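Q: Could we go through this structure together, one topic at a time?

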Amino acid sequence: MSFKVDFKVRDYECDLQGIVNNSVYFNYLEHARHEFLLANNVDFAALAEQKINLVVIRSEMNYRGSLRPGDEFYVEVALERESKVKFAFKQKVIRAYDNKLMLDAIVTGTSLNERGRPFLPEAITHLFEEQQFVK
């Protein structure tokens, strides 16, 4: 089972067409990733204070439908290891009332040490061993 965060579309997130602006989905996905990390005892801010910076290196989004003002939806998050130094968040935006997939995304990241070199710290690698990503 995957981790999920509930949301509701706010009017100001919509464009002149009356649908959620495509750039707003980045915010939804980022918030859900941060909540996922916190729920799994990974403090994004504490890592930055230790000079370990989690960074996005690639985002792929496939828009499947349009959310409208007032729509309730949730973002699912799952984490997979991509390589020795990369991980990928597999995310889905799903409209709640009909469970329709509105967007699916793969957000690939790594972490950089204080010299700017990629590596995966223990705070991240332990997540690949734990399969309890449920909220």
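Q: Where does N41 lie?
A: N41 lies in the loop between α1 and α2 (44–49). Helices here are DSSP runs of H or I with at least four residues, strands are runs of E with at least two, and both are numbered from the N terminus. The model is a predicted one, in which local features need pLDDT of at least 70 and side-chain atom pairs count only at pLDDT 80 or more, while totals for chains, interfaces and linings use all residues. Residues are numbered from 1 along each chain as its sequence is written, and side-chain values use heavy atoms, with hydrogens and water left out.

Q: Is N41 buried or exposed?
A: N41 is exposed, with a relative accessible area of 70%. Exposed means over 50% relative accessible area, buried means under 20%, and partly exposed is in between, using a 1.4 Å probe and protein chains only.

Q: What about its phi angle?
A: The phi of N41 is positive, about 60°, although N41 is not a glycine. N99 also has a positive phi, of about 55°, and is not a glycine either.

Q: And where is N99?
A: N99 is found in the loop between β4 and β5. Its relative accessibility is 52%, so N99 counts as exposed.

Q: Changing topic, which helices and strands does the chain have, and in what order?
A: There are 3 helices and 6 strands in the protein chain. Along the sequence they follow the pattern β-α-α-β-β-β-β-β-α. The radius of gyration is 16 Å, close to the 14 Å that the globule rule gives for 135 residues, so the chain is as compact as a globular protein of that length. The radius is taken over C-alpha atoms, and the rule is 2.2 Å times the number of residues to the power 0.38.

Q: How much of the chain is buried?
A: Buried residues make up 40% of the 135 residues.

Q: Which residues touch the most other members of the largest nonpolar core?
A: They are Y28, L67, V75, V93 and I124, in a core of 34 residues. The elements that give two or more residues to this core are β1 (3–8), α1 (24–39), β2 (53–63), β3 (72–81), β4 (87–95), β5 (100–112) and α3 (122–129). The largest share, 7 residues, comes from α1. A nonpolar core is a set of buried Ala, Val, Leu, Ile, Met, Phe, Trp, Tyr and Cys residues joined through side-chain atoms within 4.5 Å.

Q: What is L67 in contact with?
A: Apart from neighbours within four places in sequence, the contacts of L67 include V9, Y28, F73, V93 and M102. Contact means heavy atoms within 4.5 Å.

Q: Which residues of α3 are buried, and what do they pack against?
A: In α3, the buried residues are I124, T125, H126, L127 and F128. They pack against α1, β2, β3 and β4.

Q: Is T108 buried or exposed?
A: T108 is buried, with a relative accessible area of 10%. This residue lies in strand β5. Beyond neighbours within four places in sequence, T108 is in contact with V55, V56, I57, R58, K86, F87 and A88.
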